[in-house]
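The following note sets out points for a colleague examining this entry.

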Amino acid sequence: MVELKTQYLGLELKNPLVASASPLSKKLDGIRRLEDAGVSAVVMYSLFEEQIVHESLALDHYLTRGSDSFAEALTYFPDLGRYNVGPEGYLELIRKAKESVSIPIIGSLNGVSSGGWIEYARLIQEAGADALELNLYYLPTDPALTAEELEANYVALVADIRKQIRIPLAVKLSPFFTALPNFAHKLAQAGANGLVLFNRFYQPDFDIETLEVVPSLVLSTSDELRLPLRWIAILYGRVAVDMALSSGVHTGQDVIKALMAGAKVAMTTSALLKHGVKRASEILQEMQEWMETFEYQSVQQMIGSMSQQAVAEPAAFERANYMKALLTYDNRMIY
Amino acid sequence: MSRQVITIDANEAVAHVAYRLNEVIAIYPITPSSGMGELADEWSAKGIPNIWGTVPLVVEMQSEGGAAGAVHGALQTGSLCTTFTASQGLLLMIPNMYKIAGELTPAVIHVSARTVATHALSIFGDHSDVMATRQTGWALLASRSVQEAHDNALIAQAATLESRVPFLHFFDGFRTSHEINKIEFLSEDDLRAMIDYELVSQHRARALSPDHPFIRGTAQNPDVFFQARERCNPYYEACPEIVQKVMDRFAQLTGRQYHLFDYAGAPDAERVIILMGSGAETAEETARYLIERGEKVGVVTVHLYRPFSARHLMKALPATVRKIAVLDRTKEPGAAGEPLYEDVVAAVYEGLSQGFAPFKQAPVIVGGRYGLSSKEFTPAMVKAVFDELQKDQPRNHFTVGIEDDVSRLSLSYDPSFSIEDPQTVRCVFFGLGADGTVSANKNSIKIIGEETDNYAQGYFVYDSKKSGSVTISHLRFGPKPIRAPYLIGEGDANFVACHQFSFLERLDVLKYAKPGGIFLLNSIYPADKVWDELPREVQEEIIAKKLRFYVIDAYEVANKTGMGGRINTIMQTCFFAISGVLPQDEAIAQIKKSIQKTYGKRGEAVVQRNFAAVDQALAHLQEVKVPDKVTATRTRRKPVADEAPEFVRETLAPMMIFEGDRLPVSKLPADGTFPSGTAKWEKRNIALEIPVWDPEVCIQCGKCVMVCPHAVIRQKVYDPKYLENAPATFKSTDARFKEFPGMKYTLQVSPEDCTGCALCVEACPAKNKSQVGLKAINMAPQPPLREQERENWEFFLSLPEVDRAAISVSTVKNSQLLEPLFEFSGACAGCGETPYLKLMSQLFGDRVVIANATGCSSIYGGNLPTTPWTFNREGRGPAWSNSLFEDNAEFGLGMRLTIDKQTEFARELLQSLAAQVGESLVDAILKADQRSEAGIREQRQRVALLKERLAGINDLRARLLMDVADFLVRKSVWIVGGDGWAYDIGYGGLDHVLASGRDVNILVLDTEVYSNTGGQASKATPRAAVAKFAANGKGLPKKDLGLIAMTYGYVYVAKVAMGANDQHTLKAFLEADAYEGPSLIIAYSHCIAHGIDMRKGLDQQRLAVQSGAWPLFRYNPMLLDEGKNPLILDSKEPSIPLADYVYNETRYRMLAQSDEQRAELLLKAAQEDVKRRWLQYKQMAEMVMKINGNGHESAPAQD
């Protein structure tokens, strides 16, 4: 029997497969089903700063619009007493999840400003979350905004949140940083206990008949594993944080690769959305079988075993890797 | 015992008592009483219990008649039951009121008294509704203020239980129902102390029950009915004394002593006014003022009007009275006098003849009318009445408050007479509905009333527009209770604020300002620049009255703080800062506290933005150093252009600038008849941005023209020769119409009539190929374009209209060349209803008679000052009328019956006159094919010729035919109304009219709520949507009116959504009109009450169809004759989840936000509704059926 236990953000997890933030955790029932399928922890769907602000302003706008303008219709809606436009519904779900499942629950907060909303971090902690994942999901479009400023903002935000809470804090990043190791290091110094690599941006598409920019949601494939795999392998041992690999985890083998690169856990969503929550138990089964076949005793044994520092040819992760791939490709063309 | 003091309006004050004292509440919306029902429904939804610990059951009925029936049934089975209503609603309750009283059933209903519609509808207040119930046997208890309404709601309940006489408790609609005032709130203990449960128990014991059965509601014959009817007398005799005892008990409890007739005035008064309602408070305060100045006057306030106790009245009157004026807030044309007057005359006569009068000699008694439809009733008018009584022969049956230059009945009064207490601060605010001025003032008055020792009063005046409406807020506060149920008078306001700079150009804002007062202006011009921008009249008034003048650029602050167009908190902060009601810091703390309370539950972001607005406001407030001379070069604008017709200039124009009160009787029509097409004279200039046409990108599809709710964007095709005199900036391009080779095309916008809704831009399918964000029309700021486009618009109008007979109107593109005969209504910007009406006016407007149910469409269609139904160059246009809410289908059927009968008569006469008129003409007229525009035109020409010939024939039949000859040209009847009418209150009539088989076209503008009264649920409200009266989300699915109508088999039925398929809508309108039987079109009308971005209204229509929530179909009985299935499904199988449609709308979202579980449950059920209905329709449309036993089968229609 192989030992699947791992530690992530100081949490004892029964295996290295974690459900990442997704609509699957929007309902208590979904969280229960994730636990039943065998995942070792659930990252809750993200509480979006932008969404909270927008919902609140939109609700206010529509409840107010048209009111006190016309004598017969001084309002258009009844007063319902309370609205869950703030974080209350989210917090309540964490509370209920903590009561109903035994695996750790990781709250997820998505925001980019150091406004009053970071108070939500504390509220998530108080609701019983075992850890918090901060999702830095922001697309800079202002040419006046420099990378330094942006990174400094992020770091300040992490530090602010760190001050708000005592539970572990992970930061989920996009891959688009010029000097990722340095930035990762700064985040760790600001108080991040973990890094989740990487966030997937949903890239909009064009409809060339209607001339509209249309949102497009494409689930990940195993191919996407390679980007986080490389970066985790590079960062492992260089930055003092736990890492989680997210994006492209679809099979037991994908999980094993994540661990070997240096991740403490692998996070999955697309596989579960595509095949149903029960896919988690199959992934775990595949992983276990692989470990048995190749005679691995524990997950601990393989974490970081193929990190850049651990492999025989560290340059394989660096630029040469790219060149070599191209050459290989060219060679094949000739033959 | 100290009680809570709160600042609320009378609707809320009454609802608080009624809700806590009842178990069953049957409601139906009607202005101005709707607020009471809405609160009851909200409280019930929130689970708030009554004084017996159970949550009252609140049920919406299909009409007030239905509510009265439900009340009757609930009472008969032992519930404590109430309802709230007014006006026509109360009239619908009358039959049940007789029954409830006849059965001696304790109950209280609460009425915010409102004008009954006569020559016109009015939503405002008088006693004509209540007076129409005085014969029903109900006790009528009148309140004159917010506090009294609160108190009397309880007194009535206690008295009804003891007396068994049912009570109608009433107070003045708007003036009291909507006045915010500071009152002492009755606690639950107060309510319990006043209600003797033993009496409730007795009521229950009298209830129908199979456990102790009896029969009530028998039919009686001449032998006993009379005697039985007299059997109730002892109860009525006892009732007044019971009420007085209850009032006495109430006084012991609260210190507020009421009497059936309350006398206030000099003990030796010689002149007395008797009246009831809010006017009594004004009269009493005026009498007090006059007594202090030595006059011997007094006022009797009538509280218990029925049962009318002559003895109590005599007891109330001072023995010294010599002259009495009885004032009625109602009119009974043809009566000996108005009702209260007659009652007083009878009482005095009886008092004298039976010896219970306090005087020996009969006083002179005169009657007068005042205050109809919330006409102001001021101290000046009261004084005029007292002055009239001083005359040897005071005028009888007079009016006061108007200038009657026709019957010469009106008393003149001095408008400058004022009794305002110098310690009371008076403030008048001009704002736009959309800028939040009223909300801010309601908030301020609550702060002042509840957070300071001051007494406070707020009353709000609105114009009749649903977009760009002007509001005027009247606020009073001070150390003494405020008993002034009338507007702040000219020259009486210490503080005047104008929240929109543009108002200064057309309204006399400063007439309210008191010399030495303060003027606060929201201005884009700073303190050192603003003076030169003011019109001359404003400068003159500021100087003459020595006003202190402040400015703030509130829109700049609002923009900076993310408040958008809402300047409410900013202006409110300035008001507190300048007026000094509270120390500045405290005022700001209170405003913030109130923001937290009001907006807190909507989220922190909202609160923070408002806080920021408060903080920024003071920094931007500037005092203007007022120059000592007038520098202005321009004056205030005239309300209408000089070329407007005289009636518009002299009668309608004053109304546009809030000066309608000054119009004398002679300026108004005697029978409610007004000219059509007056909206075009009221240039409102409310759009900040207007659409601008790009001819290069335009594909001339006409979609923008079709969807424009206000008919401000139009297209024309014309001969290039007309361009010779075109203004320089007039745009034109080659027409792309196959029917019009070589012609020019223009798409033109009326800049001053546009509301800026941008629906046209959303509808535009053409995108600029180099910059896809641009379309063939794009929004641009209005002010720089105003002059140029006004000139272009005028020129555009001068171009000839398309020849209706020359085109086929069956395409959207062509149909939109037709001139709209419904334009520039006051509907909401982006209204979803009006495009359908406009389309109907384009297609059939020159031969249509319209019956319009009361509701949004009757308000934007027929509310003065100006109205949108208009006429073409030939002088033809829609003939429009509104009867009631409930009877519209029948009203329209009556119109059809006239047309059918007169057409038949005309044909009969024509045949009989064939020899004189000429056989060939007669034959041509009788056999004319009028299915096409060309056919109609030819028939019109024939009828014109016929009339010419008739003029020369000396025969009575020729005279008869002359009057009905126009009926020989085909006419259409359109019966128009909203879902509240069609699904609920008017459904019985609608069903009957459909069943009649007559050729009428019924257009249901389905917004899925009662839009006009503020969004109450109807049976058209879909499952899972929140509406008032369905605060928990509607639990049952929308009634399928179309399906019901289809069951007749001979009714043309179509369900349309212009935003989803405009061509389908057009087709349905044409088919409905062509079908020579009843037609029903149910039209999806997006609405402000859906809580959507109105620009996206068309998108929502599309999503409604795609989700299956609104399947498009036509059921055409004509197809049966062709052996086809009459039902054609015109939309595809649902392709998106219902959630993708509904969660773009606040009405659905707010339930998900407040009760996620219920929202989920209801959404799931609603999704199932959609699926099920689709399957049902699909099966029906695919059905192959045998018809008429002919043996042939009908295949699904192919279309």
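1. In this predicted model, A:Leu47 has A:Leu109 of strand E6 of chain A as its bridge partner. The strand that pairs there with E6(A) is E5 (residues 47–48) of chain A, in the parallel sense and over two bridges.

2. Strand E6 (residues 105–110) of chain A is mostly covered, six of its six residues being buried. A:Ile105, A:Gly107 and A:Leu109 point one way from the strand, and A:Ile106, A:Ser108 and A:Asn110 point the other way. In a regular strand the side chains alternate between the two faces of the sheet. Here the residues pointing either way from E6(A) are all buried.

3. Which residues of helix H1 (residues 28–36) of chain A are buried? They are A:Gly30, A:Ile31, A:Leu34 and A:Glu35. These residues lie on the same side of H1(A), because the arc they cover around the axis is only 140°. An α-helix has 3.6 residues a turn, so residues three or four places apart point the same way. The cover over the buried residues of H1(A) includes strands E3 (17–19) and E4 (41–43) and helices H3 (88–100) and H10 (279–293) of chain A. After H1(A) comes A:Gly38, with a positive phi near 110°.

4. In chain B, strand E20 (residues 470–478) is largely enclosed by the rest of the structure, because eight of its nine residues are buried.

5. An open sheet of three strands in chain B has the order E26-E28-E27, with antiparallel pairing. Its edge strands are E26 (713–718) and E27 (733–734) of chain B, each of which pairs on one side only. E26(B) and strand E28 (residues 744–749) of chain B run antiparallel and are joined by six bridges, B:Arg714 having B:Gln748 as its bridge partner in E28(B). Helix H24 (residues 783–798) of chain B packs on this sheet and touches E26 and E28 of chain B; the direction of the helix makes about 130° with that of E28(B).

6. At the interface, 34 residues of chain A are in contact with 39 residues of chain B. Helices H2 (34–45), H15 (437–451), H20 (604–620) and H40 (1146–1154) of chain B each supply at least two residues of the side that touches chain A. By class, that side of chain B has 13 nonpolar, 15 polar and eleven charged residues.

7. Most residues other than glycine have a negative phi, and most peptide bonds are trans. The peptide bond from A:Leu197 to A:Phe198 is cis, with omega near 0°; A:Phe198 is placed in the loop between strands E9 (194–197) and E10 (205–207) of chain A. Another cis peptide bond joins B:Thr31 and B:Pro32, with omega about 0°, and B:Pro32 lies in the loop between strand E2 (24–27) and H2 of chain B.

8. Is B:Ser87 buried or exposed? B:Ser87 counts as buried because 30 other C-beta atoms lie within 10 Å. This residue is found in helix H4 (residues 87–102) of chain B and, although not a glycine, has a positive phi of about 50°. B:Lys546, also not a glycine, has a positive phi of about 50°. B:Lys546 is in the loop between helix H16 (536–544) and strand E23 (548–552) of chain B and counts as exposed, with 11 C-beta neighbours inside 10 Å.

9. On confidence, the model scores ipTM 0.93 and pTM 0.94. The average pLDDT of chain B is 96, and 99% of the residues score at least 70. Over residues 1189–1195 of chain B, however, pLDDT stays under 50, and the model has 14 contacts beyond four places in sequence for this stretch. Where pLDDT is low, the predicted coordinates should not be read in detail.

Terms used:
Residues are numbered from 1 along each chain as its sequence is written. Chains are lettered from A and ligands numbered from 1 in the order in which they are written. This is a predicted model: local features need pLDDT of at least 70, side-chain atom pairs count only at pLDDT 80 or more; totals for chains, interfaces and linings use all residues. A residue is buried if 20 or more other C-beta atoms lie within 10 Å of its own, exposed if 12 or fewer, and partly exposed in between; C-beta atoms are placed from the backbone. Helices (H or I, at least four residues) and strands (E, at least two) are DSSP runs, numbered from the N terminus. The arc is that of the directions from the helix axis to the C-beta atoms. Two residues are in contact if their C-beta atoms, placed from the backbone, lie within 7 Å. Ala, Val, Leu, Ile, Met, Phe, Trp, Tyr, Cys and Pro count as nonpolar, Asp, Glu, Lys and Arg as charged, and the others, Gly among them, as polar. pLDDT is the predictor's confidence in each residue, from 0 to 100. Two strands pair if DSSP finds at least two bridges between them. Axes are lines fitted to C-alpha atoms, for helices over the stretch in contact, and angles run from 0 to 180 degrees between N-to-C directions.
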